[in-house]
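Could you walk me through this model, starting with how its helices pack and ending with its backbone?

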Amino acid sequence: LYWSVKRDVQLKYKSNKISVAVHIRRGDISKNNNADRWLEFDHYMKIINDLNSNIGSENLDIHIFSEGSLTDFSSFNQENVTLQLNGSDLEALHHMCSADILVTGQSSFSIMAAYFNKNFSIYTPLKNFMHGWADMKTMKYNKIDYKEIKRKYNVS
(Lines give C-alpha, C1' and ligand atoms only; values in the text may rest on other atoms or scores of the structure.)
Protein backbone atom coordinates (compact mmCIF):
# COMPACT_ATOMS: atom_id res chain seq x y z
CA LEU A 1 0.00 0.00 0.00
CA TYR A 2 2.81 2.44 0.78
CA TRP A 3 4.00 2.37 -2.83
CA SER A 4 0.49 2.71 -4.31
CA VAL A 5 0.41 6.41 -3.35
CA LYS A 6 2.52 9.05 -5.09
CA ARG A 7 4.44 11.05 -2.50
CA ASP A 8 5.29 14.71 -3.04
CA VAL A 9 8.81 14.35 -1.65
CA GLN A 10 11.84 15.33 -3.71
CA LEU A 11 14.53 12.74 -3.01
CA LYS A 12 17.89 14.27 -2.13
CA TYR A 13 20.01 11.37 -3.37
CA LYS A 14 22.40 11.69 -6.30
CA SER A 15 20.86 9.68 -9.13
CA ASN A 16 24.20 8.34 -10.35
CA LYS A 17 25.14 6.84 -6.96
CA ILE A 18 23.89 4.05 -4.73
CA SER A 19 21.73 5.78 -2.13
CA VAL A 20 22.26 4.89 1.51
CA ALA A 21 19.94 6.11 4.28
CA VAL A 22 21.21 5.75 7.83
CA HIS A 23 18.78 6.34 10.68
CA ILE A 24 20.41 7.24 13.98
CA ARG A 25 17.89 7.52 16.77
CA ARG A 26 18.54 10.60 18.86
CA GLY A 27 16.45 13.50 20.15
CA ASP A 28 13.84 11.65 22.20
CA ILE A 29 16.27 9.20 23.79
CA SER A 30 19.48 9.41 25.78
CA LYS A 31 22.25 6.98 26.64
CA ASN A 32 21.32 7.01 30.33
CA ASN A 33 17.55 6.75 30.02
CA ASN A 34 17.24 4.45 27.00
CA ALA A 35 20.18 2.07 27.04
CA ASP A 36 18.19 -0.55 25.08
CA ARG A 37 17.71 1.89 22.19
CA TRP A 38 21.09 3.64 22.24
CA LEU A 39 23.83 2.80 19.74
CA GLU A 40 27.11 4.68 19.84
CA PHE A 41 28.22 6.58 16.75
CA ASP A 42 31.08 4.06 16.43
CA HIS A 43 28.50 1.40 15.54
CA TYR A 44 27.25 3.44 12.59
CA MET A 45 30.74 4.58 11.59
CA LYS A 46 31.84 0.96 11.30
CA ILE A 47 28.92 0.17 8.98
CA ILE A 48 29.57 3.30 6.89
CA ASN A 49 33.31 2.60 6.69
CA ASP A 50 32.65 -1.03 5.75
CA LEU A 51 30.22 0.05 3.02
CA ASN A 52 32.75 2.57 1.70
CA SER A 53 35.56 -0.02 1.76
CA ASN A 54 33.60 -2.88 0.22
CA ILE A 55 31.46 -1.03 -2.33
CA GLY A 56 33.63 2.05 -2.87
CA SER A 57 32.94 5.48 -1.42
CA GLU A 58 32.87 6.86 -4.98
CA ASN A 59 29.76 4.72 -5.62
CA LEU A 60 27.79 5.72 -2.52
CA ASP A 61 25.66 8.73 -1.55
CA ILE A 62 25.12 8.34 2.20
CA HIS A 63 22.53 10.41 4.09
CA ILE A 64 22.16 10.32 7.86
CA PHE A 65 18.69 11.04 9.21
CA SER A 66 18.56 12.05 12.86
CA GLU A 67 17.98 14.83 15.35
CA GLY A 68 20.64 17.04 16.90
CA SER A 69 23.20 19.65 15.96
CA LEU A 70 25.94 19.52 13.34
CA THR A 71 28.57 19.49 16.08
CA ASP A 72 26.99 16.36 17.60
CA PHE A 73 27.60 14.55 14.29
CA SER A 74 31.06 15.92 13.44
CA SER A 75 32.53 12.40 13.45
CA PHE A 76 30.54 11.69 10.27
CA ASN A 77 32.34 14.39 8.30
CA GLN A 78 33.16 12.42 5.15
CA GLU A 79 33.01 13.42 1.51
CA ASN A 80 30.11 11.11 0.64
CA VAL A 81 28.08 11.64 3.83
CA THR A 82 25.31 14.24 4.09
CA LEU A 83 23.57 15.03 7.36
CA GLN A 84 19.79 15.43 7.28
CA LEU A 85 19.07 16.67 10.79
CA ASN A 86 15.84 17.83 12.44
CA GLY A 87 13.79 17.51 9.27
CA SER A 88 10.31 16.27 8.55
CA ASP A 89 9.57 12.77 9.83
CA LEU A 90 7.54 12.03 6.70
CA GLU A 91 10.39 13.10 4.41
CA ALA A 92 12.89 11.05 6.40
CA LEU A 93 10.58 8.04 6.24
CA HIS A 94 10.20 8.34 2.47
CA HIS A 95 13.96 8.69 1.99
CA MET A 96 14.52 5.58 4.11
CA CYS A 97 11.85 3.64 2.21
CA SER A 98 13.34 4.73 -1.13
CA ALA A 99 17.04 4.17 -0.42
CA ASP A 100 19.01 1.51 -2.24
CA ILE A 101 20.45 0.59 1.16
CA LEU A 102 18.79 1.41 4.49
CA VAL A 103 20.72 1.16 7.75
CA THR A 104 18.19 1.03 10.56
CA GLY A 105 18.60 2.50 14.01
CA GLN A 106 17.26 1.15 17.26
CA SER A 107 13.89 2.47 16.32
CA SER A 108 10.57 1.06 15.16
CA PHE A 109 10.44 4.13 12.86
CA SER A 110 13.35 2.95 10.72
CA ILE A 111 12.33 -0.69 11.07
CA MET A 112 8.94 0.26 9.60
CA ALA A 113 10.84 1.85 6.69
CA ALA A 114 12.74 -1.44 6.25
CA TYR A 115 9.42 -3.25 5.85
CA PHE A 116 8.47 -0.84 3.04
CA ASN A 117 11.92 -0.62 1.44
CA LYS A 118 12.14 -2.79 -1.69
CA ASN A 119 15.93 -2.81 -1.70
CA PHE A 120 18.52 -3.73 0.96
CA SER A 121 18.12 -3.18 4.69
CA ILE A 122 20.95 -3.51 7.18
CA TYR A 123 19.62 -3.83 10.70
CA THR A 124 20.78 -4.06 14.27
CA PRO A 125 18.37 -6.29 16.21
CA LEU A 126 15.82 -4.44 18.31
CA LYS A 127 13.72 -6.60 20.61
CA ASN A 128 11.93 -9.03 18.28
CA PHE A 129 11.57 -6.71 15.27
CA MET A 130 13.09 -8.20 12.13
CA HIS A 131 14.25 -11.17 14.18
CA GLY A 132 14.74 -14.19 11.99
CA TRP A 133 14.25 -12.49 8.65
CA ALA A 134 16.00 -14.64 6.11
CA ASP A 135 15.66 -12.98 2.76
CA MET A 136 18.34 -11.69 0.41
CA LYS A 137 17.51 -8.03 1.01
CA THR A 138 17.61 -7.97 4.81
CA MET A 139 21.03 -8.29 6.41
CA LYS A 140 22.17 -8.14 9.99
CA TYR A 141 24.78 -5.41 10.55
CA ASN A 142 27.57 -7.94 11.06
CA LYS A 143 26.57 -10.20 8.15
CA ILE A 144 26.37 -7.85 5.18
CA ASP A 145 26.50 -9.58 1.79
CA TYR A 146 28.61 -7.09 -0.14
CA LYS A 147 28.77 -9.42 -3.15
CA GLU A 148 24.98 -9.36 -3.47
CA ILE A 149 24.83 -5.56 -3.13
CA LYS A 150 27.60 -5.11 -5.71
CA ARG A 151 25.89 -7.56 -8.06
CA LYS A 152 22.55 -5.77 -7.88
CA TYR A 153 24.10 -2.33 -8.51
CA ASN A 154 26.70 -3.49 -11.07
CA VAL A 155 29.75 -2.52 -9.03
CA SER A 156 32.92 -4.42 -9.86
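Predicted model: local features only at pLDDT ≥ 70, side-chain atom pairs only at ≥ 80, totals over all residues.

Two packed helices are described by the angle between their axes and the distance between the axes. Here α2, residues 89-98, meets α3, residues 108-116, at an angle of about 45 degrees, and the two axes lie 8 Å apart. As for handedness, α2 and α3 make a right-handed crossing.

Which residues make the contact? From α2 come D89, A92, L93, M96 and C97, while α3 brings F109, S110, M112, A113 and F116. Sorted by class, the contact of α2 with α3 has 8 nonpolar residues, 1 polar and 1 charged.

Some of these names come back when we turn to the largest pocket. This pocket holds about 360 Å³ of space, and 20 residues line it. Nearest its centre are S66, E67, D89, A92 and F109. Of these, D89 and A92 of α2 and F109 of α3 also belong to the helix contact described above.

Which elements give two or more residues to the lining of the largest pocket? They are β2 (60-66), β3 (81-85) and α2. Helix α2 gives the most, with 4 residues. By class, the lining of the largest pocket divides into 5 nonpolar, 8 polar and 7 charged residues.

Let us finish with the backbone. Most residues other than glycine have a negative phi. N86 has a positive phi of about 60 degrees although it is not a glycine. Look for N154 in the segment after α4 (146-152).

Methods:
Residues numbered from 1 in each chain as written. Heavy atoms only, no water. Axes fitted to C-alpha atoms, helices over the stretch in contact; angles between N-to-C directions. Left-handed = near helix turned anticlockwise from the far one by under 90°. Contact = heavy atoms within 4.5 Å. Nonpolar A, V, L, I, M, F, W, Y, C, P; charged D, E, K, R; others polar. 1 Å grid on protein atoms, 1.4 Å probe; cavity = no way out; pocket = protein on both sides within 12 Å on 5 of 7 lines; lining within 4 Å. Points joined across faces, edges and corners; volume = space filled by probe spheres on them.
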